[in-house]
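Morning, everyone. Here is the model I promised to walk you through. Have a look first.

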Amino acid sequence: MVANKPERALAEQWRDLLALHARTQCELDRALHQHGLCGSDFEVLDVLADGGCAYRVQEISERVHLSQSALSRLIARLERDGLVERGMCAEDRRGVRVSLTAKGRALHRDALPVQRAVLTRMLEPSA
């Protein structure tokens, strides 16, 4: 079965989007390396900094698009590095909340201009 032109165009648009994501992720990883972070690390710090409070792991997962297990491993590493801390959720004793430490907040503040510069370069339409 041969796809018609609109279907081919849609598939091509999807591939272009995937390629842009891959290029942008590589650029983020490369630029954030100077701060000891990768793009996924920064995304978690950014979500936590943006909210200014503790989030449940599930809430972070919905915003950073990582699997629950990948996010749990990432949070464990960030915690070992002293960037985040985990605590019990007051509303649900089984739940865990994650928040930035002072060290994590400072690192986020330092890395933020680097991340935003990459996003600007990669995602803004060229003039």
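Start with Leu17. Leu17 sits in helix H1, residues 5–32. Helices here are DSSP runs of H or I, at least four residues, and strands are E runs of at least two, numbered from the N terminus. Before going on: this is a predicted model, where local features need pLDDT of at least 70, side-chain atom pairs count only at pLDDT 80 or more, and totals for chains, interfaces and linings use all residues. Residues are numbered from 1 along each chain as its sequence is written, and side-chain values use heavy atoms, with hydrogens and water left out.

Now the overall fold. There are 5 helices and 3 strands. Along the sequence the pattern reads α-α-β-α-α-β-β-α. The radius of gyration is 18 Å, well over the 14 Å from the globule rule for 127 residues, so the protein is more spread out than a compact globule. That radius is taken over C-alpha atoms; the rule is 2.2 Å times the number of residues to the power 0.38. The C-alpha trace spans about 55 × 35 × 20 Å along its principal axes.

How much of the protein counts as buried? Of its 127 residues, 31% do. Buried means under 20% relative accessible area, exposed over 50%, partly exposed in between (1.4 Å probe, protein chains only).

Last, Asn4. Asn4 lies in the segment before H1. Asn4 is partly exposed, at 39% relative accessible area. A polar atom of the Asn4 side chain lies 2.9 Å from the backbone nitrogen of Glu7.

How values were computed:
A polar contact is a pair of N or O atoms within 3.5 Å; within protein, one must be able to donate a hydrogen and the other to accept it, and residues adjacent in sequence count only if both atoms are side-chain atoms.
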